[in-house]
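I opened this entry to keep track of what I looked up in one structure. My notes follow in the order in which I checked things.

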Amino acid sequence: MLEGLAAWVLNTYIGKYVNNLNTDQLSIALMKGAVELENLPLKRDALKELDLPFEVKAGFIGKITLQIPFYRPHVEPWVISISGLYLIGAPVRQSEFDEETERSLDRERKCALLDALEAKWKSNQQQKGESYWYSATASMVTRIVENVELKVRNVHLRFEDDITNPDHPFAFGICIKSVSVQNAEDELVEKSIRKKRLQIEDFSIYWDVDCELLRDIPTAELQEAMDYFLDNRDHKYILEPVCASALLKRNGTKEPLRSRNTPRIECDVKLKTIPLKLSEVQYQHLM
């Protein structure tokens, strides 16, 4: 069961974005308490679910680690660690538009929606006649999901455009040094209240004009180039690097909340400043 659950998590949440994901050897890795996947290239259509006019020109995930508490999987947290998420996107050229491909993608989206609705219907039907074992299994899976912790380091998402204005190519980027979502163990325990703490370090957004484009550099040099631009502070920032933290509380009681003063979800955000700025050149490119 543990192997199947781990494979489902990886295939469902990661497999649709990356190539070369192999979950066949999970049983061996699970016995060691960790699953490690390295150098996973991003699929060209990894952004299609967002319905954005961009496609992936280059990108990969450096390393994914899934740490599993083998002996107490429903009590101790499962930790997902991602190190190095790099993506270079570019607008889809009109000359590259393929009507048949678009029809195929539209069919895939509709099929995915129908599959999701069917899965929800089957789940509801199962719950109507659920047995004790089904209830116990569902309860354990729920506890595992609520205990999942996420740690991500070195994220650089860069979108380059030399089509809108070929004489002045520009790049829009999002950089995150680290982000983590963990159980708030230092907070007071409250009945039916689930607490998660979010920590973000050096989150920034830049818009560079007349800049070097990275999408055509060799794959072997991509990580070094993306790391350089991640750490480089010479960007033309829209949002300068900031750090923030947040405490997320979710009321998990099964009973309906009968008071407007008792929210289902509450979030307490701590942020010193939001250093936003926009130059005239950046504004002209946005328009």
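Below are my entries, from the whole chain down to single residues.

**Ground rules.** I am working with a predicted model, in which local features need pLDDT of at least 70, side-chain atom pairs count only at pLDDT 80 or more, and totals for chains, interfaces and linings use all residues. Residues are numbered from 1 along each chain as its sequence is written, and side-chain values use heavy atoms, with hydrogens and water left out.

**Whole chain.** I looked up the secondary structure and found six helices and eight strands. Helices (H or I, at least four residues) and strands (E, at least two) are DSSP runs, numbered from the N terminus. From the N terminus on, I noted the order α-α-β-β-β-α-α-β-β-β-α-β-β-α. The chain has 287 residues, and 32% of them count as buried. Buried means under 20% relative accessible area, exposed over 50%, and partly exposed in between (1.4 Å probe, protein chains only). I also looked up contacts, meaning heavy atoms within 4.5 Å. Among contacts with a separation of 6 or more, 68% are between residues 24 or more positions apart.

**Strand pairing.** Two strands pair if DSSP finds at least two bridges between them. I found β3 and β4 running parallel, joined by ten bridges. Ile80 stands opposite Leu150 in β4. Then I checked β4 and β5 (residues 170-183), which run antiparallel with eleven bridges. Here Arg153 stands opposite Ser178 in β5.

**Nonpolar core.** A nonpolar core is a set of buried Ala, Val, Leu, Ile, Met, Phe, Trp, Tyr and Cys residues joined through side-chain atoms within 4.5 Å. Which members of the largest core touch the most other members? They are Ile61 and Ile64, in a core of 22 residues. At least two residues each come from β1 (34-41), β2 (54-67), β3 (79-91) and β4 (149-161). The largest share, four residues, is supplied by β2. I listed the contacts of Ile61, leaving out residues up to four places away in sequence; among them are Val18, Leu40, Ile82 and Leu85. I also noted a second, separate core of nine residues, including Leu214 and Phe229.

**Salt bridges.** A salt bridge is a side-chain nitrogen of Lys or Arg within 4 Å of a carboxyl oxygen of Asp or Glu. I found five in the structure. Lys57 and Glu55 meet in one at 3.1 Å, N to O. Lys57 is partly exposed at 31% relative accessible area, whereas Glu55 counts as buried at 10%. Arg44, Glu55 and Lys57 are linked in a network of salt bridges. Another joins Glu160 to Arg158, with the closest N and O atoms 2.7 Å apart. Both Glu160 and Arg158 are buried. A further one joins Asp231 and Lys177 at 3.2 Å, N to O. Asp231 lies in helix α5 (residues 219-231) and Lys177 in strand β5, so this pair ties together parts that are 54 residues apart in sequence.

I looked up Val148, which sits in the loop between α4 (132-146) and β4. Val148 is partly exposed, with a relative accessible area of 26%. Not counting residues up to four places away in sequence, Val148 touches Trp78, Ile80, Val181 and Lys196. Val148 and Gln182 are 34 residues apart in sequence and 7.6 Å apart in space, C-alpha to C-alpha.
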